[in-house]
Every structure is written in structure tokens, then in C-alpha cells.
Protein chains: 2
Amino acid sequence: MGGMLREDLQALCSLPAALEAMGERWSFLILRGSFNGLHHFEEFQSELGIARNILANRLARLVGHGILVRAPCPDDRRKIEYRLTDKGYALLPTMIALRQWGERWETGVPATPILVDVRDGRPIRPVEVLSHDGRVLTKGDLHWALPEDVAREDEPEVKAAE
Amino acid sequence: MGGMLREDLQALCSLPAALEAMGERWSFLILRGSFNGLHHFEEFQSELGIARNILANRLARLVGHGILVRAPCPDDRRKIEYRLTDKGYALLPTMIALRQWGERWETGVPATPILVDVRDGRPIRPVEVLSHDGRVLTKGDLHWALPEDVAREDEPEVKAAE
DNA sequence: CAATTAGGTAGTGATTCGCAACCTAGTTGC
DNA sequence: GCAACTAGGTTGCGAATCACTACCTAATTG
């Protein structure tokens, strides 16, 4: 692979855009809190031990990016509920992948509460990069291609995941 | 789900450990550079436009965490090569997942150089959380369990991905 | 109507960031 | 073999961000 695509890679990769939304220090931990059922300012604050102004700033930023929605509780109008949007839920694979990486390479052991499939109680699979037909792809199996060079799905094989 | 596991979740989740290694501002972009074939200080610097002292700090930190290795080039001993370790390569699913999320929810359109399987030239599948037998799991399908409650793999079903 | 609670804002010092300049070892030109 | 150049940093400085504490306001409870 030559350096021909270098600038296109730089310009058009969506990783910087993703990092603009999620790249700040507490963002992923707040997201984890949301996935774990935290909804209120004080819950996040006491759970994460984050400074209040930073928490307020992060929550506002996550709301601004459409990852959380901010809604006053109808029963107690002092309370504000922060809930994940679809866009926020869509970060689940990223978060699980990062968590699994930390398990494998940083803490070294599987974390004690194990994330399992609720349907059969068995641990989830490691998050991996898969080809269209489900083969596991590693770094050498990947390639950058321009749209016109991409093989179209002429044969109706397995199309994405349903 | 009660708040019973709350503290265990907090204490034992490996996400904070992962973020300690990768949570800083430029870390993911440096990683992307490494995956895209950058190896030298000046390459990263001119490609990412990062400040030199910050780049030096990030590279040293990534090396310290075992994500990159630092090795002097044998042919030109001014040059230092930064290469991904296995631990660094293992971040591929996380990075792809984050990039795909950015494509779907931030930039809105698929990035122009498309990441494809080199074997058949077809785009890769979206990174997803899968059950042990390959079903796609969303947020409601997941559950925290203690090790003793986790279903063992007594029946030899599909075990991980081959 | 006083006390409490939820969700913030304001002020202050310590870190970190980005930018530019400088430095050092190794390499190349001649 | 000495000047010029290059790779990979380090240093200093101002700006932005961080964590910590105190304070504030609206709603709720006693």
C-alpha cells in the first residue's frame, strides 16, 4: 500500500469526529454509567467521583452530541433524567471492545461481574472485526479501497447482520 | 437489577484501566496512524499535526503501556521505529468500532476509502456484540453475572469464532 | 416556612495543551 | 573532516482544561 491515500485517509476518516464526541477524559465512564443504569446527576457524581463542574460540562456535551437526552422527571421536577439515545446505545460495541481489551491486556484477568447473554447466561464473545461472511479479520486482512473498487453485493449472500 | 453490584462494577470494570492507556486526546489517532503504516516521529507529526512535545509524551506513554515498541533503525541510527505490539494490534476492534460509529452517527456517510476484506474486496461487517453462538446482542440482551452463575460450556457448541 | 435535595455555577490553584525555539546525535556533501 | 542537514526529541511560555470547594436556585418535604 503506497502513500497515495494518505491524505484522503486523514481527511475522511471518521475517527476524529467520533473522538470529538467521546474523546474526553470522563466521557466513556459516564457512558458506562448510563449503560449500567445511572440516570441522575448525583448518581454519576457519587459513583464516578467526578468533579461537579466537569460532570455538568460532560453531560451537557454528551447531550449536545445527541448521545444522551436530558429530560425533567415528571414526578419530581427537581430531577433531571439523562438517558441514552439510539446514538448512545450504538456505542455499546466500542465500549465493550475497549473493556474487553482492558480485561485481556491491562487488568489481566476477566472482571468479576461477567457480561453474559441474558438468554442463556453464557459469556459474550470477544468483539472482533468480521468479514461480510463472518470470518475473523486481523490487521493483515484489511485493505483500504475506493468506492468504485469495492465488490458489490451481486450475489445475495449474507448481507450484514440481521 | 438492583444496586447491589454497583460497587463491584465500579471497582472491577476494566474500562478505567483501558482508558488510562488510551483515554488521552491523541492516543487513538496515533494508533490509527500506526495501523495505517506510520512508524516515525516526523511521520506522525506531519500527518496528525500534533505538537511535538505532546507527540513525544504520547509515544512514550504508549510505549510505556506496551502498545507500541520503540526500536532504533539499524540502517539509520538517527531513526526510531514505533511499531504496534500484539497488545496494540488487539485494539483494532475498538478502533474500528469507534470509527464505524463516527461514520454512522457523526459524519453521516461512509468514509471514502472504505475498509474492505483483502480476500474478496467486500466491506467488513459492522462491529457488534455477539453471543457465544453468534446472535447480535443489544443493550437489553446483556446482564452482569457473578462467575459462579455463569453457564459453563458443557455442551460443545460453537465456541468463539474460528 | 424551615430544612433538605437535585442540579447546577463561580472562584481558585494545579495540570495539561499547543506553539515556537532550541538541542543533540547521527548522516550526508564535498 | 567540517559544514549543513535530518530525526527525534526537550524547554519555556501563554492559553485552556482539570479538580476541589463553596455557593446558588428551584422544587420538595416536614
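How many residue pairs are in polar contact between chain A and chain B, with both residues at pLDDT 80 or more? The count is 30 residue pairs, and because this is a predicted model, everything on this tour should be read as belonging to that prediction.

Begin by selecting the side of chain A that touches chain B, where, by class, you will find 50 nonpolar, 16 polar and 22 charged residues. Several elements of chain A each supply at least two residues to this side, among them helix 1 (6–12), helix 2 (15–22), helix 3 (27–35) and strand 4 (142–145). Helix 7 (92–107) is also one of these elements, and with 14 residues helix 7 of chain A gives the most to the side that touches chain B.

Next, show both chains together: the contact takes 88 residues from chain A and 89 residues from chain B. Within chain A, select Trp101(A), Arg122(A) and Arg125(A), which lose the most area to chain B and together account for 9% of what that side buries. Between them, chain A and chain B bury about 9000 Å², with 65% of it on carbon and sulfur atoms.

Now turn to the charged pairs, of which there are 6 salt bridges between chain A and chain B. For one of them, select Arg135(A) and Asp120(B), whose side chains meet in a salt bridge at 3.6 Å, N to O.

Finish with the strands, selecting strand 4 of chain A and strand 3 (residues 114–117) of chain B, which pair in the antiparallel sense over 4 bridges. Here, His143(A) has Val116(B), in strand 3 of chain B, as its bridge partner.

Note on methods. Residues are numbered from 1 along each chain as its sequence is written. Chains are lettered from A and ligands numbered from 1 in the order in which they are written. This is a predicted model: local features need pLDDT of at least 70, side-chain atom pairs count only at pLDDT 80 or more; totals for chains, interfaces and linings use all residues. Side-chain values use heavy atoms; hydrogens and water are left out. Contact means heavy atoms within 4.5 Å. Buried area is the accessible area (1.4 Å probe) that two parts lose on being put together, summed over both. A salt bridge is a side-chain nitrogen of Lys or Arg within 4 Å of a carboxyl oxygen of Asp or Glu. A polar contact is a pair of N or O atoms within 3.5 Å; within protein, one must be able to donate a hydrogen and the other to accept it, and residues adjacent in sequence count only if both atoms are side-chain atoms. Ala, Val, Leu, Ile, Met, Phe, Trp, Tyr, Cys and Pro count as nonpolar, Asp, Glu, Lys and Arg as charged, and the others, Gly among them, as polar. Two strands pair if DSSP finds at least two bridges between them.
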